[in-house]
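Subject: Structure for you to look at

Hello,

Here is the structure I said I would pass on. Please open it beside this email and follow along.

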Amino acid sequence: MQTILVTGCNGQLGSELRFLTEDFDEEDYRFIFTDVEELDITDRQAVTNFVEEHQVNILINCAAYTAVDRAEENFEKADLLNRVAPGYLAEAMDAVGGTMIHISTDYVFDGSAHVPYKEDAPTKPIGVYGRTKLAGEEEVILGCTGSMVIRTAWLYSTFGNNFVKTMLRLGKEKEQLGVIFDQIGTPTNARDLARAILHIVQQGIKPGVYHYTNEGVCSWYDFTRAIHRIAGIDHCHVKPLHSEEYPTPAPRPHYSVLDKTKIKEAFDIEIPWWEDSLKECLDDM
């Protein structure tokens, strides 16, 4: 029996993991889902005690400070959740000889590339969120010898608030909508990432840094057009905008496509195309 602790269970990815594990093989795995109410991961002693008391073998950390713009003015809170807390989790898991999967982000890159980023590409975050997430990766890798970091991007889900739900709402409310067209990446259905994580858990964690998003490439503008087309929203005109036309407190990478070759080969994972996964998510909604 393997005991798996999932932190940040009320977020998009944590919620998808909880949903998928309802049909998981309970004979081999016992899942414990926590958020701040059940376990304060910023409390070092509480983390140590929880891991020991529940005899945790594997930890999946989905918790993070993800408010990219607010992070610019809340460095201490972002640093606490994105760097310090993952370090405590890694330390606790290493002490019991356990393994860990830590979720990170494409924001560790500056977006100046023109080909998909591999795991060993130079990191150069351009905002507080990216800097604290990169520091969190380093804490996890140093703190737990059995740790695995998975960077993902443009996450959305049937659960929680996200870009897909916002564009659906605005598409129904407005006759015209402006969306950024010069930021390029890959939308990722959190359920696909959750499936991949559970597949990895069953195969056995292989330490290192990996990338996972859906397949394909698009801009936020293209993403919005696809959301509206699949959802049957045809009365809202979507206008492409340059990034400078929609200024935000935190800068965004202009190009954050991630190369998934490593995770596909290491775990024999087949990754769906982003538009197929978007349709699946919209059908579930």
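Arg-44, Val-47, Thr-48 and Val-51 of helix 2 are in contact with Tyr-88, Leu-89, Glu-91, Ala-92 and Met-93 of helix 4. Sorted by class, that contact holds six nonpolar residues, one polar and two charged. Bear in mind that this is a predicted model.

Two packed helices are described by the angle between their axes and by the distance between those axes. For helix 2 (residues 44-53) and helix 4 (residues 75-95), the angle is about 35 degrees and the axes are 9 Å apart. The crossing of helix 2 past helix 4 is right-handed.

Helix 6 (residues 163-173) and helix 8 (residues 220-231) cross at roughly 65 degrees, and their axes come within 10 Å. Helix 6 also passes helix 8 in a right-handed crossing. On the helix 6 side the contact is made by Phe-163, Val-164, Met-167, Leu-168 and Gly-171, and these meet Trp-220, Phe-223, Thr-224, Ile-227, His-228 and Ala-231 of helix 8. Eight of the residues in this contact are nonpolar and three are polar, with no charged ones.

Six strands form an open sheet in the order 2-1-3-4-5-10, and the pairing is parallel. Which strands stand at the edges? They are strand 2 (29-34) and strand 10 (208-211); each has a single partner strand, so one side of each is left without a neighbour in the sheet. On average, neighbouring strands are turned by 20 degrees against each other, direction ignored.

Within this sheet, strand 4 (residues 99-105) pairs with strand 5 (residues 147-152) in the parallel sense over six bridges. Helix 5 (residues 128-143) lies across strand 4, strand 5 and strand 10, and runs at about 165 degrees to strand 4.

Last, the empty space inside. Rolling a probe the size of a water molecule over the atoms shows where empty space is left. The count comes to one cavity of 30 Å³ or more, and the largest cavity has a volume of about 40 Å³. Its lining consists of Asp-106, Tyr-107, Trp-154, Gln-183, Trp-220, Arg-252, Pro-253 and Ser-256. By class, four of these lining residues are nonpolar, two are polar and two are charged. Trp-220 lines the cavity and also belongs to the helix 8 side of the contact with helix 6.

Regards

Technical notes
Residues are numbered from 1 along each chain as its sequence is written. This is a predicted model: local features need pLDDT of at least 70, side-chain atom pairs count only at pLDDT 80 or more; totals for chains, interfaces and linings use all residues. Side-chain values use heavy atoms; hydrogens and water are left out. Axes are lines fitted to C-alpha atoms, for helices over the stretch in contact, and angles run from 0 to 180 degrees between N-to-C directions. Helices (H or I, at least four residues) and strands (E, at least two) are DSSP runs, numbered from the N terminus. A crossing is left-handed if the near helix is turned anticlockwise from the far one by less than a right angle, and right-handed if clockwise. Contact means heavy atoms within 4.5 Å. Ala, Val, Leu, Ile, Met, Phe, Trp, Tyr, Cys and Pro count as nonpolar, Asp, Glu, Lys and Arg as charged, and the others, Gly among them, as polar. Two strands pair if DSSP finds at least two bridges between them. On a 1 Å grid over the protein atoms alone, a cavity is a set of points where a 1.4 Å probe fits but cannot get out, and a pocket is an open set with protein on both sides within 12 Å along at least five of seven lines; lining residues have an atom within 4 Å of a point. Grid points are joined across faces, edges and corners, and a volume is the space filled by probe spheres set on the points.
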